[in-house]
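Open the structure in your viewer and keep the selection tool ready. We will go stop by stop.

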Amino acid sequence: WFIAYAPFDKPTIAVAVLVENAGYGSLTAAPIASMLCEKYVTGEIKRKRILDMILNFKYKEGAFTEDE
């Protein structure tokens, strides 16, 4: 799980992301929280590489992988 808020100086959004059976929060939940905050604050997602990583995520026990 991962909890975030944005923007740093005057928060207008707080999110909590819980992803079950998908590894550690830093690999799964944090990127999702980041994308939610980015979309809310800026109105768009500019970091397409991270979005692609989230959409193509596959979890293998002990390792993070992406679709090829």
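Start with the hairpin. Select β1 and β2: these two strands form it, with 6 residues between them. Keep in mind that this is a predicted model.

Now look at how the strands pair. β1 and β2 run antiparallel. They are joined by 5 bridges. To see one of the bridge pairings, pick A6 and look across to β2, where I13 is the partner.

Next, go to the start of the chain. Select W1, in the segment before β1, which spans 2–6. Is W1 buried or exposed? W1 counts as exposed because its relative accessible area is 66%, and the cut-off for exposed is over 50%.

Together, W1, I3 and L18 make a nonpolar surface patch. The patch covers about 420 Å². Show the surface to view it.

Move on to V19. You will find V19 in the loop that links β2 (13–17) to α1 (29–42). V19 is partly exposed, because its relative accessible area of 27% lies between the cut-offs of 20% and 50%.

Which residues does V19 touch, leaving aside neighbours within four places in sequence? Select T28, A29 and I32: V19 is in contact with these.

Last stop: stay with V19 and I32. Along the chain they are 13 residues apart.

Methods. Residues numbered from 1 in each chain as written. Predicted model: local features only at pLDDT ≥ 70, side-chain atom pairs only at ≥ 80, totals over all residues. Heavy atoms only, no water. Helix = DSSP H or I, 4+ residues; strand = E, 2+ residues; numbered from the N terminus. Buried < 20%, exposed > 50% of the residue type's maximum accessible area, 1.4 Å probe, protein only. Contact = heavy atoms within 4.5 Å. Patch = residues over 30% accessible without salt bridge, like charges linked within 9 Å, V, L, I, M, F, W, Y side chains within 5 Å. Areas by Shrake-Rupley, 256 points an atom, 1.4 Å probe, with all protein chains shown as cover. Salt bridge = Lys/Arg side-chain N within 4 Å of Asp/Glu carboxyl O. Pairing = 2+ DSSP bridges.
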